[in-house]
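Open the model in your viewer and keep the selection panel at hand. The stops below go from the whole chain to single residues.

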Amino acid sequence: MSEALPDLVAKVRLDTTELDQAEGVASAAAGKIGLSMATAVAAIGAAVVAAGAGLFQLGRQFDEVSDTIRVGTGATGEALAGLEQVAKNVGQNVPVEFSKIAPAVADLNTRLGLTGDNLETVASQVLEAGRLLGTEVNVQAATGAFNAFGVEGDQVSEAMDNLFRVSQATGIGINELASTVQVNAPAVRELGFSFEESAALVGSLDKAGINATQTLTAMQRGLVSLAQDGEAPQEAFRRVTGEVDALIQAGDTASAIDLAAGVFGTRGASQFVAAVQAGTLNLDDLVAGVGATEDTILGLAAETRSAGESWQILKNTALAALEPIGTAVFDTVGAGLEALIPLVTRVGEWIGEAFGAVQD
């Protein structure tokens, strides 16, 4: 019995030591778990803050879109909401930031009265044409040309494609083409030219190295003197250009230039005849003679879209989907800040009073 007691005491001491060691391990584990939980909570908190900041920025972005459209069109209520939806729809189909989409939507609505699907299509064309041609389309110039020819509603989309095709075929910038067509609209409309024919004529003259504005201005004056009794300007133009073409075909270039001088002026006559001879200007069929393709803006844009442009559309789609949440966060923060204004004002007044007292 006396021999077993020391062994028992030693065993108890060993067990106690093991328990102490186990307690230490458990404490260390608990500490690590606590630290991990704290880290996780902090990470979640940071993520929530980051998400909130991101949603706030998203809400601000769409607030700017709404403000741009509101200021540019004067629309309110359902009309404004409809235009905002058009901008979001465009962003989900065109690889352009919403900050560039909003002005296009606003200007097209204001200048052409377009809404709904028509507005969405034409806005997409304007933005995609600018991307394809490397030059931002001047909405004022394009819409001015459309209005000068009474192009409206469903016709605008086809007219936009016509401008693009002529620019593509002749090399004249789409903005220069639209501006020239607009400036010369009274003269060419009097001659019976449609919008498509006028664009083709301007493009063909520019491609031939002929100043379209000077030539068309001279043509308007010349036809007045060349018109026969009772002959309308359109009939006079067809008759005279037909005679010029016949002289060219007969090889009588000198007579052709003399006759053309009466229509296009002395300076432009020789260039005009040379353009007809070279086939650059087709008097029988201006539209076919320009050599335009059958491309459409949106069709060509889809055909040539890159991975980066598809990524932009994907981002726009995600932003549009999250817009209601972002707007709610932005509005909530805005309302909270407005509520703080009186308090901040009072604090400022108190600081001013306190500073005055300290200064005294």
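Helices here are DSSP runs of H or I with at least four residues, and strands are E runs of at least two, numbered from the N terminus. Keep in mind that this is a predicted model.

**Whole chain.** Colour by secondary structure. The protein shows 15 helices and 0 strands. Switch to the surface. Of the 360 residues, 34% count as buried.

**Aromatic rings.** Which rings pair up? A search of the whole structure returns 3 aromatic pairs. Select F62 and F98. Their ring centres sit 5.0 Å apart and the planes meet at 50°, so this pair is tilted; planes count as stacked under 30 degrees and as edge-to-face over 60. F62 belongs to helix 1 (residues 4-73) and F98 to helix 3 (residues 98-112), so the pair ties together parts 36 residues apart in sequence. Are these two residues buried or exposed? Both F62 and F98 are buried.

Next, select F146, F149 and F195. These residues form one aromatic cluster.

**Helix 15.** Select residues 307-359, which make up helix 15, and find G326 within this helix. G326 has a relative accessible area of 0%, so the residue is buried; the cut-off is under 20%. The C-alpha atoms of G326 and L58 are 5.3 Å apart, although 268 residues separate the two along the chain.

Key. Residues numbered from 1 in each chain as written. Predicted model: local features only at pLDDT ≥ 70, side-chain atom pairs only at ≥ 80, totals over all residues. Heavy atoms only, no water. Buried < 20%, exposed > 50% of the residue type's maximum accessible area, 1.4 Å probe, protein only. Phe/Tyr/Trp six-rings, centres within 6.5 Å; stacked < 30°, edge-to-face > 60°.
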